[in-house]
Amino acid sequence: MANYAIKQISIFLENKPGRLAEVAEAMNEAKINILAFSIAEAGDFGVVRMLVNKPDEACKKLHEKGFTVSLTRVLGIKMKDEPGGLYEIAKILGDSDVNIDYAYAYSGTSGAVFILRVSDLELAIEKITEREVELIEDTLFE
Amino acid sequence: MEYWNPRMERIPADELRDLQYKLLKTLVYKLYNFSPFYRRRLKESGVLPDDIHSLKDVSKLPFTQKTDLRDNYPDKIFCVSQSDVARYHVSSGTTGKPTVVGYTEHDLNLWTESLARSLTACGLGRGDTMQVSYGYGLFTGGLGLHYGAERIGASVLPMSTGNTERQVELMRDMKVTAISCTPSYLLHIAETGEKMGINIKDDTDLKTGILGAEPWSERMRDRIEEELGIDAYDIYGTSELSGPMFTECQEKNGAHVWGDQMLIEIIDPASGEVLENEEDGELVVTTLQKEALPLLRYRTGDLTKIYDGVCACGRTHPRMARIKGRTDDMLIIRGINVFPSQVEHVLMSIDNVGNHFQIVVDRKEMLDNMLVMVEVNENAFSDKINDLMLLKDRVGSKLRNVLNISAEVELVEPGTLPRFEGKAKRVVDRRTL
Ligand SMILES: [Zn+2]
């Protein structure tokens, strides 16, 4: 069975110069590819979220380097190249009482992908796969 | 030269010492017979009321510490029952539990009398309008100065703290001649006035500042007096003794400590030995006339010295120097006492933050600013910004509840704050006085 719960790496970072570069450097050293990347800022700190090809390894490496890091399961939705795509997903989740904690998008090799963290992952997967929406599989990154 | 209580304020020094001896002997006798706490304390130290033969024998008596008040929270150390208590004031203790001070009607009267003498010594009286810009409420500053100023016949404007633009407007419109507040707040008021186009020196009637509740320097006095065109007087007191009680006279050469109310000593904080006049040490106070919460040799933690000789103003009571510092790590922020241990206590009660923290104090626009940096707890790290913001708010509001002042909170990465072997240096104080 397909696994749609993608492992995302989240890192707590203070807004200090060079800190982000250290994350990139750690990934480079471990030969890990960063596939998607976003930064959420809140004044004096921020949270970096990324999808990588070897999440467990990346997590271990970052932890060793002293970063505050956690693994979170998220959804990756392949965006249809037509208007209203985002609305459709929001509506499916809203109708099922699933909250979107946060979302960001990235451009993959095969089009735009929308990353979501939701309040109820299993329910969200169930409801979305009932429709004609394409979810990204976890294995795609490995 | 005006005195509020000329007979008492100019009492010959030997007569004052004799009076102090009689009051001390009565106090020890009363405490031994009516206070279970002090009875135990006196027995433990092997000193009985009959062992007090002279004023110097005060040095035989045991000390009282701030922790004694905390350990007897809220009122187990009181010497009167609740029905005789006229008022309570509460200050934050060193950890968790606050310190409660009770006053009988007689105690409130003593406090007001002390301030009436002091404010008169600053040249204030009927015809003056005093803006009381210390906090009103559980804090002793507001109500203390309020009743003191009323007693001498001044008109009182009970402003309390905050709403600085209004402070400036009313100061001008009500022709305020005197203000009592922290020195840094007065500078902030002046600065706010500038922005509003109101210059304290040129556009108001202010001529006197009764300033204290936080450390300040002679340099700061010069600056305030010059910029605002006023006379600035230092005021001393702590809530355990009643509140603000003693000011300098117009000679500005030490605060007159009314000896019929308080017996002061300076000790070496390490050995507890009594030091001579003019020697720097810890201020120890015995309340000679208080009823609800009399204190025997209370260790204030304040570092100062007692001046030699009689003041040119004619008042014979001892004078103490401006407070130089603290024997402990207590901080005074916007006039409120803050112990790093209180911050630690709050942080330990919140799961998602670590136990390492750092306090950074500085002065922004003349107002003290406290920043508490705390490490997020790696195991409880949520990647939702909202969770982190809520955590920050929760730390902030818990700190405000316990400390009674607001603190900025900054979340930092685990392992980034300095670690200490032995005594931790949690505080970075960037204020220059
Ligand atoms: Zn004097």
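This is a predicted model: local features need pLDDT of at least 70, side-chain atom pairs count only at pLDDT 80 or more; totals for chains, interfaces and linings use all residues.
Residues are numbered from 1 along each chain as its sequence is written, chains are lettered from A in the order in which they are written, and side-chain values use heavy atoms, with hydrogens and water left out.

**Stop one: the two domains.** Select 1-327 of chain B for domain 1, then 336-429 for domain 2; these bounds come from an automatic or database domain assignment. Their C-alpha centres sit 32 Å apart.

**Stop two: the interface.** Here 16 residues of domain 1 of chain B are in contact with 12 residues of domain 2 of chain B (contact means heavy atoms within 4.5 Å). About 1300 Å² is buried between these domains, with carbon and sulfur atoms giving 54%. That buried area is the accessible area (1.4 Å probe) that two parts lose on being put together, summed over both.

**Stop three: the salt bridge.** Show the side chains of B:Arg363 and B:Glu214, which meet in a salt bridge at 3.7 Å, N to O. The count between the two domains is 1 salt bridge (a side-chain nitrogen of Lys or Arg within 4 Å of a carboxyl oxygen of Asp or Glu).
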